[in-house]
Amino acid sequence: MSALAVDSLYKVFGKGARQAVAELESGVPRDQLTNQKVTAAVIDHNFEIASGEIFVVMGLSGSGKSTLIRMLNGLLEPTAGSIWIDGVELGGLSNKGIRELRRDKVSMVFQHFALLPHRTVLENVAFGLEIKKTPTAERTAKALETVEMVGLAGQEDKLPSQLSGGMRQRVGLARALAADTEILLMDEAFSALDPLIRQEMQDQLLDLQKTLNKTIVFITHDLNEAMKIGDRIAICDGRIVQLGTAEDILLHPADDYVAEFTADVDRSRVLTAEAVMEPCGNTDTSDFDTVESDTLVSELYEHVLSSEDPVLVVDDRADPLGVVTPRGIIKSLAPEPDDEADAAVEEPEHA
């Protein structure tokens, strides 16, 4: 069973929303609705998120991504469709049931921290546990453990005003983790941070995920961020335009809208050896250098381009999967591979 699922989900704001949904279901574009006074934010979303998956929703302003996440935690009711969390449909819950779901199943990390200004770091981190009526000693111990986990040991007694933006966001993340819910909803959680701190927070989230294995829905407008942290990415423009892995989206954009998004992405930091490899065929690969299948192209292209032989890609049992060649790398890094990419490198001969 999936940790979270949505089925035929719509959110339309304004009078006449139901009629707008009927038009949208029939295929009418949202800019051609009969009633232009309504706003169609989320249109026919369908997806399932596996337990332990980082699912990124990416889009520009007005694409419906923040509306979606507010429906997932029960802050907004769908105009049509259903949301399921851990097998329970949100539409069937009372207001009390929604509050209990937020308390026990879902935690939220906000863009602008949403910390309580007159509470210390430790008190902010423990706040969710306090709401759950966790005994004082237990919640303090859990909060201290989580503060250390996010790299804030020694800052427990400071107020939010005494912290940098990056440190305040770590407090917000720690508060969500301390609540010990299975699902984290992160709404543009790092977008207010300076670029270097933002990268550090992305790295920390990925490191924490290796041990915590949370189900994460991460909202962003930054495709590079989406491709760095997402197991799968949904690119939205009201509707979901494309849903897939970073490699799927880079190598096979669904349309011009997606291709335009991906044009400026550093492909070498997203694509792996497995994504750009070619079949071995009958080639004798016994003398080839080897790399693991998940090695990023950025880590191997200089080696491949300077090598006399292709580089052999192997799985975690050291079994051969394919080879990476200079031509394969150059074609994968070109947004629109063509004959010029083929001609850009003359591959060395090999046995």
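Student: What is the order of the strands in the open sheet, and what kind of pairing does the sheet have?
Tutor: In this predicted model, three strands make up an open sheet with the order β11-β12-β13, and their pairing is mixed.

Student: What makes β11 and β13 edge strands?
Tutor: β11 (290–292) and β13 (320–324) each have a single partner strand, so one side of each has no neighbour in the sheet. Ignoring direction, neighbouring strands of this sheet are turned by 35° against each other on average.

Student: How do you know that β11 and β12 count as paired?
Tutor: Pairing requires at least two bridges. Three bridges join β11 to β12 (residues 311–314), so the two strands qualify as a pair, and they run parallel. In β12, V314 stands opposite E292.

Student: What makes β9 and β10 a pair, and in which sense do they run?
Tutor: β9 (residues 232–237) and β10 (residues 239–244) share five bridges, where at least two are needed, so they pair; the sense is antiparallel. C236 has I240 in β10 as its bridge partner. One residue lies between the strands of this hairpin, and G238 takes a positive phi near 85° there.

Student: How many aromatic pairs does the structure hold?
Tutor: There are three aromatic pairs. One of them is formed by F190 and F218, with 5.5 Å from centre to centre and 55° between the planes.

Student: Why is the pair of Y257 and F261 classed as it is?
Tutor: The ring centres of Y257 and F261 are 5.1 Å apart, within the 6.5 Å limit, and the planes stand at 85°, over 60, so the pair is edge-to-face. Both residues lie in helix α11 (residues 256–262), four residues apart, about one turn of the helix.

Student: How do you know whether Y257 and F261 are buried or partly exposed?
Tutor: Buried means under 20% relative accessible area, and exposed means over 50%. Y257 has 23%, between those limits, so Y257 counts as partly exposed. F261 has 18%, under 20%, so F261 counts as buried.

Conventions. Residues numbered from 1 in each chain as written. Predicted model: local features only at pLDDT ≥ 70, side-chain atom pairs only at ≥ 80, totals over all residues. Heavy atoms only, no water. Phe/Tyr/Trp six-rings, centres within 6.5 Å; stacked < 30°, edge-to-face > 60°. Buried < 20%, exposed > 50% of the residue type's maximum accessible area, 1.4 Å probe, protein only. Axes fitted to C-alpha atoms, helices over the stretch in contact; angles between N-to-C directions.
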